[in-house]
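Here is my note on the model, point by point. Please keep the sequence and the 3D view open while reading.

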Amino acid sequence: MRIPRHDRLADALLEVARRLLRPDYRHWADAMRAEAGYVAREERVRWALGCLWTAIRMRFNPMKTGDYRVSRGTMLVEAIGAFVPLILAWFEIVFGPSGIVRLTREVIDRFFLTYPGGSYILVMMFVNGVIGLLGPVGLFLGLRYAFTGRGINSRSLGWTLAAVPVLANILGMMAGRVWGPLHFQDGQLTFAFLFAWLPAAVILHLTWISRPILPAAPDSATLARPT
Amino acid sequence: MRRPSGQTLNLLRALMDEPRKWHHGYELSQDTGLPSGTLYPILMRLSDRGYLEHKWMASPDAGAPPRHAYRLTAKGSAYSREQFALYKDPGAKPVSLASRA
C-alpha cells in the first residue's frame, strides 16, 4: 500500500527528531512517534514539526549555562550604572538650560522650526522626556531590590518597561533617517546602548531575578522510568 | 528554578482534572491547546523533576501501536495544588531568590 506523501514527511521529521535527542531522551522520541500515529492525518506534519522543535530545544538546553542570579550588592551597582546616566540625560532634556521646561513659543520658532530636522528634534525631546522617566523608576526598582530583595514580580510590567525604551529608540532612529537633521546618525548607537538597551536589559534582569524557585528536583532514584 | 509558565499551569490543570487517569500526548494537546513543540518539553521537564510518571500502554485497538501515557506523581499533584493556590491568590508573593538569602 502506498504511504501518503505527508505521512512520509512526518516520519522523516520524527526520525530527525529522534536522532537529535540525547540517548537518555530517546524514549521520548519513541513516545512522540507513537503518538503521531493517533494524530489526525491532516495535523500529522504539524505534530511532527513540533516534535522536531522539541528535539532541537532539548538539544540546546544543556548548552545554556548562564546564571543571572546576582547578589543585592551587585544589583545595586548594576542599577546605578544603568539608570544614573539615563537620569542625568532625562534631567538635562527636561530641566536643562535648553530643556523642555524652558521652551517657549519664540524658542521653538527660532531654534527648531526654522531648521531642517528641527521639528524632529523637538518631537524627540518630548518623547525622550517621557521615556527618560524609566531612569528614576528603574533606579527606584533597582534600589528596592538591593535593600528589600523585592524585584519586579509582574512579568508583564517588566516586559513593558523594557520594551518601551527599546521600541521608542528603534522607531526614533528610523524616523530620524527620514525627518532627522543631517549627520543625525552620528553617535546614535552609543545613545541607543546607554539610554535604551542597557536600562531595558537591567529591567529584564530585575524581572528574571524575581522568579520564584521551584522545589529542588527529587533524587533520581525516585524518578519514574518508562516501562 | 523558574516560575511555571501559564502553559505549564494549563497542562498541570489538565492532568489534575483526573489525577489517577493515564493521559496521552495528543489528548493533552487537544485539552490544553498546546502544540506538540510546547507540550513535550514541558512533559519532559515535569518528568525530570519527578512530577510526572509515564509508561507505555497497549492500545485497546487491535494492531495499533502502544502509546506513552502520563500522570502526575504524588509530588507532582502536591506541587500543582501549591502552584494553583499561589497564582489564584493575588496577594501571594512568589518566593524570590533574594528573600531566601
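1. First, a term. A residue is called buried if 20 or more other C-beta atoms lie within 10 Å of its own, exposed if 12 or fewer, and partly exposed in between, with C-beta atoms placed from the backbone. Helices (H or I, at least four residues) and strands (E, at least two) are DSSP runs, numbered from the N terminus.

2. Ground rules. This is a predicted model, in which local features need pLDDT of at least 70 and side-chain atom pairs count only at pLDDT 80 or more, while totals for chains, interfaces and linings use all residues. Residues are numbered from 1 along each chain as its sequence is written, and chains are lettered from A and ligands numbered from 1 in the order in which they are written.

3. Helix α2 of chain B. Which residues of this helix (residues 25–32) are buried? They are Gly25(B), Leu28(B), Ser29(B) and Thr32(B). Seen down the axis of α2(B), these fall within an arc of 105° (taken from the directions from the helix axis to the C-beta atoms), so they line one face of the helix. An α-helix has 3.6 residues a turn, so residues three or four places apart point the same way.

4. What covers that face. Both chains contribute: the cover of the buried residues includes α2 (26–36) of chain A, along with α1 (6–17), β1 (23–24), α3 (36–48) and β3 (67–72) of chain B. After α2(B) comes Gly33(B), with a positive phi near 75°.

5. Chain A. It has nine helices and zero strands. Of its 227 residues, 26% count as buried. Contacts here mean C-beta atoms, placed from the backbone, within 7 Å. Among contacts in chain A with a separation of 6 or more, 79% join residues 24 or more positions apart.

6. The cores. A nonpolar core is a set of buried Ala, Val, Leu, Ile, Met, Phe, Trp, Tyr and Cys residues joined through C-beta atoms within 7 Å. The largest has 34 residues; among those touching the most other members are Trp28(A), Cys51(A) and Leu43(B). At least two residues each come from α1 (5–20), α2 and α3 (44–60) of chain A and from α1, α3 and β3 of chain B. Beyond its neighbours within four places in sequence, Cys51(A) contacts residues including Met32(A), Ser36(B) and Tyr40(B). A second, separate core of 21 residues includes Trp90(A) and Phe195(A).

7. Confidence. pLDDT is the predictor's confidence in each residue, from 0 to 100. Chain B has a mean of 82. Over residues 90–101 of chain B, pLDDT is below 50. Where pLDDT is low, the predicted coordinates should not be read in detail. The model scores ipTM 0.81 and pTM 0.50.

Key
Two residues are in contact if their C-beta atoms, placed from the backbone, lie within 7 Å.
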